[in-house]
Amino acid sequence: MTTAAQTEVSICNLALSRLGAKRITALTAATVEAQRCTLHYASDRDSLLRGHTWVFAMVRAALSEDTTVPAFGYDHQYILPSDCLRVVRTHHSHHSYQIEGKRLLTHSDSAEIVYIKRIEDPTLFDSMFVDAL
């Protein structure tokens, strides 16, 4: 379930209200509350996304192979999407793989993954995610 009216400011105000702090009107406002929300919002959002297999943030992708062969241990390496926060699983579950930085190393000749995508649009957030955030 999504909540279409959610904004970054409304989500921050939910958190501030739980702390008994003053509401904000914008993340750019010159208040301590707005500055703290700006400081923590994106990092906390991404950490929470990474920490659970949120259905609204799961996507599938076929990866492009990197032309550089791993130094040892694997035959191929593939470039993870720039918005990938966590690989949930590979399509070929019988193939072993290793994540190193922004690369997936494997022996497989192809790599398809299900991953948690960085979702920045708060209108796409599940209501339970908003509550946790």
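The lining of the largest pocket comprises ten nonpolar, one polar and three charged residues, where Ala, Val, Leu, Ile, Met, Phe, Trp, Tyr, Cys and Pro count as nonpolar, Asp, Glu, Lys and Arg as charged, and the others, Gly among them, as polar. The model is predicted, so that local features need pLDDT of at least 70 and side-chain atom pairs count only at pLDDT 80 or more, while totals for chains, interfaces and linings use all residues. Residues are numbered from 1 along each chain as its sequence is written, and side-chain values use heavy atoms, with hydrogens and water left out.

A pocket is an open set of points on a 1 Å grid over the protein atoms alone, where a 1.4 Å probe fits, with protein on both sides within 12 Å along at least five of seven lines, and lining residues have an atom within 4 Å of a point. Of the 14 lining residues, Ala15, Leu16, Arg36, Cys37 and His40 lie nearest the centre of the largest pocket, and α2 gives the most to this lining, with seven residues.

Four strands (DSSP runs of E, at least two residues) form an open antiparallel sheet in the order β2-β3-β6-β5, pairing being assigned if DSSP finds at least two bridges between two strands. Strands β3 (residues 76-79) and β6 (residues 103-106) pair over four bridges, and Tyr78 stands opposite Leu104 in β6.

Arg60, in strand β1 (residues 58-62), is exposed at 66% relative accessibility, the cut-off for exposed being over 50% (1.4 Å probe, protein chains only). Arg60 touches Arg89, Ile113 and Val114, leaving aside residues up to four places away in sequence, with contact meaning heavy atoms within 4.5 Å.

How values were computed: Buried means under 20% relative accessible area, exposed over 50%, partly exposed in between (1.4 Å probe, protein chains only).
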